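Please have the viewer open as you read.

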Amino acid sequence: MKKLCHSIFTALALAGLMAGASAEDYKPRMIRFGYGLAEDSNQGRAVKFFADDLARRTGGKLKAKGFGGASLGNDMQMQNALIGGAQEMMVGSTATLVGIVSEFGVFDLPFVFRNEREADAILDGPFGQKLADKLQEKGLVGLVYWENGFRNLTNSKRPVSRMEDMQGIKLRVMQNPVYIDMFKGFGANAIPLPFSELFTALETGTVDGQENPVTTIQSSKFYEVQKYLSMTKHVYSPWIVLASKRWWDGLSNDERKAIQEAAAASRDFERKDSRAASAKAIDFLKSKGMQITVVSDKEIERMQEASRQAMFKFANDGHAKLIKDLQGDLEKLRK
Ligand code: TK8
């Protein structure tokens with residue numbers, strides 16, 4: 001009897017150990033992961049990577065399903081669905097978050113980052129983390145930043161090699177005051193519109209132009225309705241992967257950890273993939289008949305000058321310290 005007791009005890013203890021060590025606390029869950037771009041885009045590929053990676057980590061328990069082409073709504077609609085708990089995850093531009101956390105506008109200031117290395121260091125460092133943390137009290141969890149990329153200008157009217165060429169061009173911008181101020185400063189007629197309405201707006205002539213990274217100009221087929229591309233690189237644009245806080249709070253620690261790890265892996269994949277796609281996009285766009293204008297350094301300096309009012313306005317809106325902090329971090333990186 002004593003022996004039997006002992007072996008039962010050992011068996012129970014072993015089972016307990018095994019459960020603790022190998023069977024993490026994952027429940028079968030379906031995650032609706034929305035995004036704005038086409039499935040065949042850097043965004044779509046990275047959402048798929050995330051889904052595969054998460055399934056692998058959780059033995060197929062946590063299943064993310066991608067919904068591309070803004071089929072669950074545009075960026076702002078999805079943010080609200082996440083806040084309300086009607087959708088679990090999304091990826092979208094930080095620029096469309098300024099109605100929720102105005103500080104995100106700091107990334108929209110023109111000519112802030114000089115290259116991707118600087119952007120990665122700031123976004124993945126304490127500065128980017130601090131901004132992402134501000135989302136929590138608004139009902140969102142900011143997981144990682146992906147690369148949208150440096151934005152360039154396209155239009156159907158004329159080649160833009162000088163600021164004056166933008167005069168009177170009806171230009172779609174994101175729904176964000178810094179962009180509106182910046183392009184007004186350049187002399188364009190800035191019209192805020194959600195991305196999901198952009199292709200049709202270009203096609204019908206509601207707007208003449210837009211600005212986005214070359215990867216998006218390719219994957220959204222803007223070359224079909226835009227003739228001129230100017231390499232302005234006026235803003236480095238981040239994407240942010242978000243989760244619904246309401247939903248997140250109901251997950252187990254193991255589930256949260258798996259999602260966080262898959263998100264970090266997807267970030268590394270996405271940046272590599274976007275950079276490779278970006279390097280090839282210009283030749284592709286040329287082959288589709290786009291006329292590409294390289295904007296001179298001198299002209300970029302003039303644009304920088306003309307867009308300063310957008311920065312002053314943002315600073316005066318209570319963000320002076322935030323800009324200073326970012327500039328301080330950038331100076332350290334540039335040493
Ligand atoms: C996609 C958008 C897009 C952004 C824009 O939903 O709106 O121009 O660059 O990537 O977030």
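This is a predicted model: local features need pLDDT of at least 70, side-chain atom pairs count only at pLDDT 80 or more; totals for chains, interfaces and linings use all residues.

In the class counts below, Ala, Val, Leu, Ile, Met, Phe, Trp, Tyr, Cys and Pro count as nonpolar, Asp, Glu, Lys and Arg as charged, and the others, Gly among them, as polar. Residues are numbered from 1 along each chain as its sequence is written, and side-chain values use heavy atoms, with hydrogens and water left out.

**Around the ligand**

- In the side chain of Arg172, an N or O atom is 2.8 Å from an oxygen atom of the ligand.
- Trp239 places a polar side-chain atom 2.9 Å from a ligand oxygen atom, and Ser93 has a backbone N or O atom 3.3 Å from an oxygen atom of the ligand.
- The protein buries 98% of the 300 Å² that the ligand exposes when taken alone (accessible areas by the Shrake-Rupley method with a 1.4 Å probe).

**The cavity**

- On a 1 Å grid over the protein atoms alone, a cavity is a set of points where a 1.4 Å probe fits but cannot get out, and lining residues have an atom within 4 Å of a point.
- Searching the whole structure gives 1 cavity of 30 Å³ or more, where a volume is the space filled by probe spheres set on grid points joined across faces, edges and corners.
- The largest cavity holds about 200 Å³ of space, and this is the space taken by the ligand (more than half of its atoms lie within 2 Å of the grid points).
- Its lining has 21 residues, with Asp75, Ser93, Arg172, Met174 and Phe195 nearest the centre.
- Two elements, α3 (75–84) and β3 (89–93), each give two or more residues to this lining; helices (H or I, at least four residues) and strands (E, at least two) are DSSP runs, numbered from the N terminus.
- The cavity lining divides into 8 nonpolar, 10 polar and 3 charged residues.

**The pocket**

- A pocket is an open set of points with protein on both sides within 12 Å along at least five of seven lines.
- About 520 Å³ of space lies in the largest pocket, and its 19 lining residues include Pro110, Phe111, Val112, Phe113 and Gln304, which lie nearest its centre.
- α12 gives the most to that lining, with 8 residues.
- The pocket lining comprises 11 nonpolar, 3 polar and 5 charged residues.

**A loop residue**

- Ser71 lies in the loop between β2 (62–67) and α3.
- The side chain of Ser71 reaches the backbone oxygen of Gly68 at 2.9 Å.

Technical notes. A polar contact is a pair of N or O atoms within 3.5 Å; within protein, one must be able to donate a hydrogen and the other to accept it, and residues adjacent in sequence count only if both atoms are side-chain atoms.
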